[in-house]
Amino acid sequence: RPPRGPSNLGGLTRPSSAVSVKAGGGEEDAAEAGLLSLHVPGVGSEAQALPSSSAPAPPSPPSPFTHHGFIIPNYGEPTRVLRSTLSALATHPGARGRYAVMLAMEGAEAGCEAKAAGLVAEFGPAFADLAWSVHTLAPGESPGKAANVNSAARALVARATTGSDGGVGLGSGPSVATPSSLCLTVMDADAQVAPLYIASLDAAAAASPDPASRIYAAPILFERNAGAVPVFTRVHDAMWAAMAAQNLASSTGIGFPISNYSLSAALAVRVGWWDTHADAIGEDLHMFVKCFFATHGAVRLAPLLGAPSNMLNLQASSYGGTLWARAVQAERHARGVADFAYAAAAAVRGWRRLPVWPTCVLLAKLLEAQLLPSVAPLYMGLAGGVAVGMVRVGAVSPDAYGPAATAALARIPWLGGAG
């Protein structure tokens, strides 16, 4: 997208679609908060606490990532939600010295630049760099998160690395940001990422023999407004989060990030950034698959199992509207089945240079990722029915399922409960 006229900030000329307010100082916060708990007006009750590590940690190797870039794609998100997301990031101890944040706005949203400018003015001093980009759909691009992330990631890397496209640059001397030392984290607009996520990421990268060939991902939780959405939405999202979590841990290192994930800017550059065509609608899973084949099977997933991100259940203004919105979202997720055809074609083309077993595991996991969301509700219902039936016939004591399940079973009238 051609610039719509220059904007001069601090002596640097840059497109008006990316505006930055530099932090007043580069000192990091003195101490890391023990808990992160934020209230988001209008979208649910008090946010669940996100744990962070406040206990002294043993010395560890320095992270290869001296700086972190955060890409927050959004379209039509309420300002209060984006403010909550930025507030969570601002609590991180390294935010003022190491974080470059890019608000990835969509040009199709009226007033998006005014909204971004207000957030930059409010939160700019909390980060080393806070800017926004405006994505305009290009010919051949499919509307959605992938195209916006691709545009914003290029803008962020250009700004954060010295001498790239007139960017502001992060760090100085030996600590200057480069694609190899800059880690990009893609996150949903409503995600609250705890300081422990970055601490775990840095530790995993330091321990990896090749941190640039890893994609880092953590489980996701839907606990911020779970009590305010229909039970069908709540249970479906809980199952979705559980399936996403089990996919992360694998002895082969093959798995798929969900919603929020991180990778080296050098890896993004190496594979040609994010795909923006219709088959890449599930940009998180698709990016892992693309990186795997582009590196001839070298890329692996590094799970950060102890640092989940807390997100909002999709919520509309009415009960029926919330169910419909979740159904539309599920339909979009189902379009990710195209990734199996993408991967199969890539495997056929590059079979001579690909490791056989990891490639087979990748294809099998792609099938699993598309089949489970369709059949899991049925099997979860059957499992619950079997559990209740075994209690009813006396084959199993309710106590076998734990206190919470026992209390729930006691409320079922036809099991002898009070109802």
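When I say that two residues meet, I mean that they have heavy atoms within 4.5 Å of each other, and please keep in mind that the model we are looking at is a predicted one.

On the α8 side, L285, H286, V289, K290 and F293 come into contact with D339, Y342, A343, A346 and A347 of α10. Sorted by class, this contact between α8 and α10 is made up of seven nonpolar residues, one polar residue and two charged ones. As for the geometry, helix α8, which covers residues 283–294, packs against helix α10, residues 338–349, at an angle of about 0°, and the two axes lie 11 Å apart. Because angles under 35 degrees count as roughly parallel, α8 is described as roughly parallel to α10.

Let me turn now to the aromatic rings, where the count comes to four pairs. One of them is formed by F70 and Y99, a tilted pair with 4.7 Å from centre to centre and 55° between the planes. This pair joins distant parts of the chain, since F70 belongs to strand β5 (residues 67–73) and Y99 to strand β6 (residues 99–106), 29 residues apart. Both F70 and Y99 are buried.

How values were computed: Residues numbered from 1 in each chain as written. Predicted model: local features only at pLDDT ≥ 70, side-chain atom pairs only at ≥ 80, totals over all residues. Heavy atoms only, no water. Axes fitted to C-alpha atoms, helices over the stretch in contact; angles between N-to-C directions. Helix = DSSP H or I, 4+ residues; strand = E, 2+ residues; numbered from the N terminus. Parallel < 35°, antiparallel > 145°, perpendicular 65-115°, else oblique. Nonpolar A, V, L, I, M, F, W, Y, C, P; charged D, E, K, R; others polar. Phe/Tyr/Trp six-rings, centres within 6.5 Å; stacked < 30°, edge-to-face > 60°. Buried < 20%, exposed > 50% of the residue type's maximum accessible area, 1.4 Å probe, protein only.
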